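Please read the following briefing alongside the sequence and the coordinates. It moves from a single side chain to its partners, and then to the fold as a whole.

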Amino acid sequence: MTKLDHDRLKNFKSNKAILPAVIGLGIVSWFVFRDFNKIDFSLFSITHVSILFILGAFGMLFFRDFGYVVRMRVLSDGQLTWLQCIKIVFLWEFGSAITPSAIGGTAIATVFLWKEGLNAGKSTSIVMATSFLDELYFTIMFPSVILLFSTSQLFPAGNTNYLYNHLLTFALIGYSLKFSWTLLMAYSLFINPKFFAKLVKTIFKLRFLKKWRGGADKMSNDFIVANKKLKRKGVFFWIKSITSTFISWTARYFVLNFIFLAMIVSIESGEETITVYEHFLIFAKQLVMWILMLVMPTPGDSGFVETVFTSYMADFVPVVGFTVIMALIWRLVTYYPYLLIGAIITPGWLKNNFKRIRK
């Protein structure tokens, strides 16, 4: 297990933040250059109210991370300190930001937990429980928004972009993958943890993974022991875990709602408004976008999100050409801070843990 984790850690470097940043900013810059002359900036005026809404967006970002930290503390049964939970959340988010959504930070999250003092089985159990809770949110919320809004509202046709006209197809593929993964997690966590353990042991019987078989067998056995404890948790434990998950993801989506409010109040005419119904539609469309991210191969979905956003959210931006600026502001608030924070804390964390491995 040591050799395997050593290899994983070597591939987790802060300089990998450069690629997604270049991709995202490059595409947005091209859009801005293309549409800049179309934007009438005289329509906007920064006010105290617009600044307040921007602060509200960062407030939603705080609640997003707060929910993650609380969940990590709950799932670890208090074995991890609050500071350790904060560190792991930011490392995890950084891992998600520099890898495609289908992989995300989950691929190396077990290493984060293990190096912070938990055994491999407990770490794997927490990562699987976290993955299950995240996917549970989507499996519940996606059908809910489909029932609340028509497919023509969530997946409008008539655009010349092929990807845009097939959003429903991509969304259904993404949801099917998430739903299948949720079922697998639920089965492995609550019904038959030995299934996952046997799966891991079978995979590590492959010849090119043979040298890590001993560590994988130990992790599988520890996972079964950890899951026995997890299955005995009471209702209150799961209520806290599920509630913190729903707070995190809901706050994540409402960041954009606050950014739209800041834009609306900055328009001097004062005639534009966003109704409560439109707020829920913005929320629903973000959920769809997040489902779509699962099938995109770029790190942190850089490029894809910016491209889809400019068409998908255009109906809520009353100023011609300003949609791309909104996409940039949104990504600057919700994505690039994690690249920056991760790039700052990752070198020190890797240095300490590489020392521990060598010893």
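Lys 178 is buried, with a relative accessible area of 7%, where buried means under 20% relative accessible area, exposed over 50% and partly exposed in between, computed with a 1.4 Å probe on protein chains only. This is a predicted model, in which local features need pLDDT of at least 70 and side-chain atom pairs count only at pLDDT 80 or more, while totals for chains, interfaces and linings use all residues. Residues are numbered from 1 along each chain as its sequence is written, and side-chain values use heavy atoms, with hydrogens and water left out.

**Salt bridges**

- The structure holds 8 salt bridges, each being a side-chain nitrogen of Lys or Arg within 4 Å of a carboxyl oxygen of Asp or Glu.
- One of them joins the side chains of Glu 135 and Lys 178 at 3.0 Å, N to O; Glu 135 lies in helix H6 and Lys 178 in helix H9 (residues 167-191), so the pair ties together parts that are 43 residues apart in sequence.
- Glu 135 is buried as well, with a relative accessible area of 12%.
- Another bridge, at 2.7 Å from N to O, is formed by the side chains of Glu 93 and Arg 64, which link distant parts of the chain, with Glu 93 in helix H4 and Arg 64 in helix H3, 29 residues apart.
- Both Glu 93 and Arg 64 are buried, and salt bridges that share partners join Arg 64, Asp 65, Glu 93 and Arg 252 into one network.
- The side chains of Asp 77 and Lys 122 also meet in a salt bridge, at 2.8 Å from N to O; Asp 77 counts as partly exposed at 34% relative accessibility, whereas Lys 122 counts as buried at 12%.

**Aromatic rings and charges**

- Rings of Phe, Tyr and Trp (its six-membered ring) pair if their centres lie within 6.5 Å, and planes under 30 degrees apart count as stacked, over 60 as edge-to-face and the rest as tilted; by this rule the count comes to 21 aromatic pairs.
- Phe 90 and Tyr 338 form a tilted pair, 6.2 Å centre to centre with 35° between the planes, and this pair links helix H4 (residues 82-97) with helix H16 (residues 336-358) across 248 residues.
- Phe 138 and Trp 249 form an edge-to-face pair, 4.9 Å centre to centre with 70° between the planes; Phe 138 counts as buried at 1% relative accessibility, and Trp 249 does so at 5%.
- Ring pairs link these two residues into a cluster whose members include Tyr 68, Tyr 137 and Phe 283.
- Lys 178 lies over the face of Phe 138, at 4.3 Å from the ring centre, a placement that requires NZ of Lys or CZ of Arg within 6 Å of the ring centre and within 35 degrees of the ring normal.

**Core and overall fold**

- The protein comes to 16 helices and 0 strands, taken as DSSP runs numbered from the N terminus (helices H or I, at least four residues; strands E, at least two).
- The largest nonpolar core has 84 residues, and those with the most contacts inside it are Phe 260 and Phe 309; such a core is a set of buried Ala, Val, Leu, Ile, Met, Phe, Trp, Tyr and Cys residues joined through side-chain atoms within 4.5 Å.
- H6 gives the most to this core, with 12 residues.
- Of the 359 residues of the protein, 51% count as buried.
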